[in-house]
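The entries follow the order in which I looked things up.

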Amino acid sequence: MSTAVDTLDTEVLSRYLEANIEGFKGPISAEKFSGGQSNPTFKITATSGTYVLRRQPPGKLLKSAHAVDREYRVLNALKDSEVPVAKVYHLCEDRDVIGSMFYIMEFCDGHIYWGAALPEIDSNEKRTAMYDEMNRVLAALHSVDIEASGLSDYGKPGNYFERQFGRWSSQYKASELQPIPEMDQLIEWLEANLPADDGKVSLTHGDYRLDNVMFSQDNSQIIAVLDWELSTLGHPYSDLAYQCMQLRLPTSNEKNTMSGLQGVNPTELGIPTEEEYVAAYCKRMGIDKIDNWSFYLAFSFFRLAAICQGVAKRAADGNASNKAADRVGAMVLPLAQTALDIVK
């Protein structure tokens with residue numbers, strides 16, 4: 001049975017897009033992409049070509065969540081940068097058109113991988129090159145000239161981790177379905193160990209991981225960084241730690257599910273260790289090392305746990321994008337426990 005999250009009124013949408021995007025021509029068909037937990041995303045096939053539509057889910061939303069307007073803004077700002085992004089065509093802030101805010105961007109035809117071990121890739125050399133490409137793009141992202149790109153007001157001033165801790169701890173509490181003592185303990189530790197503001201500010205993606213980048217057909221380069229909903233001006237190490245977190249997650253064979261390298265020797269697969277990946281990033285950014293790494297890692301696990309709790313809450317409320325969203329709630333406890341193990 002389809003729901004409002006899964007369907008679009010293609011006749012109404014086609015008329016709107018013809019009136020607002022130069023060269024757009026219907027009729028259209030819409031197919032919802034599988035995977036993803038947050039903003040429902042559709043492949044739009046029209047007479048004039050193929051496009052992608054990302055929308056907010058219908059229904060009551062948490063404050064500042066599902067900010068597709070911010071996604072549109074940052075994608076547009078990065079169109080001429082060294083960061084590969086899809087071209088955007090139009091932002092619709094009129095919720096009456098399809099029931100929620102949405103934007104239209106180009107359809108990029110490439111590969112998305114969910115498993116950190118890259119089992120689909122047949123050579124260690126290729127895996128090494130793909131991880132190095134992810135590292136290169138992350139360094140390029142953190143090197144974006146914020147002023148020149150028009151993003152100087154894209155985030156709030158002040159201590160990034162203090163600000164993010166406040167946001168995610170409050171959103172976690174707003175989404176809490178039952179008490180999880182490990183999360184309460186982690187929140188208490190993070191609050192007591194927030195680092196002082198070191199003045200480092202860059203554009204941050206907020207969810208930089210393997211399944212949020214699209215590789216070219218030959219896997220030689222990233223052609224688009226996806227899912228910018230959590231992007232802001234923040235601390236660059238938050239992105240780096242968040243990606244490295246995936247290497248510590250359990251492996252999974254479930255389709256469209258993030259799978260880590262827990263219990264796997266990455267060197268045997270041509271994949272850099274966490275230390276090697278961080279060192280490569282430091283070299284690209286011209287720094288010697290990263291202090292307080294355990295805090296950044298623990299914070300990444302905490303934030304992912306808070307995101308998962310939000311997905312579980314939306315599932316309980318009946319408006320989650322992915323039908324498997326309720327299972328994501330089961331990840332909160334082990335994520336919190338892993339973070340506690342790191343800081344111990």
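Before noting any handedness, I wrote down the convention: a crossing is left-handed if the near helix is turned anticlockwise from the far one by less than a right angle, and right-handed if clockwise. Helices here (H or I, at least four residues) are DSSP runs numbered from the N terminus, as are strands (E, at least two). The model is a predicted one, in which local features need pLDDT of at least 70 and side-chain atom pairs count only at pLDDT 80 or more, while totals for chains, interfaces and linings use all residues. Residues are numbered from 1 along each chain as its sequence is written, and side-chain values use heavy atoms, with hydrogens and water left out.

**Entry 1: helix 6 and helix 7**

I looked up the pair formed by helix 6 (residues 236–248) and helix 7 (residues 274–285), which pack at an angle of about 155° with their axes 10 Å apart. The axes are lines fitted to C-alpha atoms, for helices over the stretch in contact, and angles run from 0 to 180 degrees between N-to-C directions. Angles under 35 degrees count as roughly parallel, over 145 as roughly antiparallel, 65 to 115 as roughly perpendicular and the rest as oblique; helix 6 and helix 7 are therefore roughly antiparallel. Helix 6 passes helix 7 in a right-handed crossing.

For contacts (heavy atoms within 4.5 Å), I noted that Pro236, Tyr237, Leu240, Gln243, Cys244, Leu247 and Arg248 in helix 6 meet Glu274, Tyr277, Val278 and Tyr281 in helix 7. These residues divide into 8 nonpolar, 1 polar and 2 charged, where Ala, Val, Leu, Ile, Met, Phe, Trp, Tyr, Cys and Pro count as nonpolar, Asp, Glu, Lys and Arg as charged, and the others, Gly among them, as polar.

I also looked up Ser238, which is found in helix 6. Is Ser238 buried or exposed? At 8% relative accessibility Ser238 counts as buried, the classes being buried under 20% relative accessible area, exposed over 50% and partly exposed in between (1.4 Å probe, protein chains only). Leaving aside residues up to four places away in sequence, Ser238 touches Tyr160, Phe161, Thr204 and Ser300.

**Entry 2: helix 4 and helix 8**

Next I took helix 4 (residues 160–175) and helix 8 (residues 293–317), whose axes come within 9 Å and cross at roughly 30°. The two helices are therefore roughly parallel, and their crossing is left-handed. Among the residues of helix 4 in this contact are Phe161, Phe165 and Trp168, and helix 8 contributes residues including Phe295, Phe299 and Arg303. By class, the contact has 11 nonpolar, 5 polar and 2 charged residues.

**Entry 3: salt bridges**

With a salt bridge taken as a side-chain nitrogen of Lys or Arg within 4 Å of a carboxyl oxygen of Asp or Glu, the count comes to 12. Arg284 and Asp132 form one of them, at 3.0 Å from N to O. Arg284 lies in helix 7 and Asp132 in helix 3 (residues 124–142), so the pair ties together parts that are 152 residues apart in sequence. Arg284 is partly exposed at 35%, and Asp132 is partly exposed at 37%.

Arg136 and Glu133 also meet in a salt bridge, at 2.8 Å from N to O, and both lie in helix 3, 3 residues apart, about one turn of the helix. Arg136 is partly exposed at 31%, whereas Glu133 is buried at 9%.
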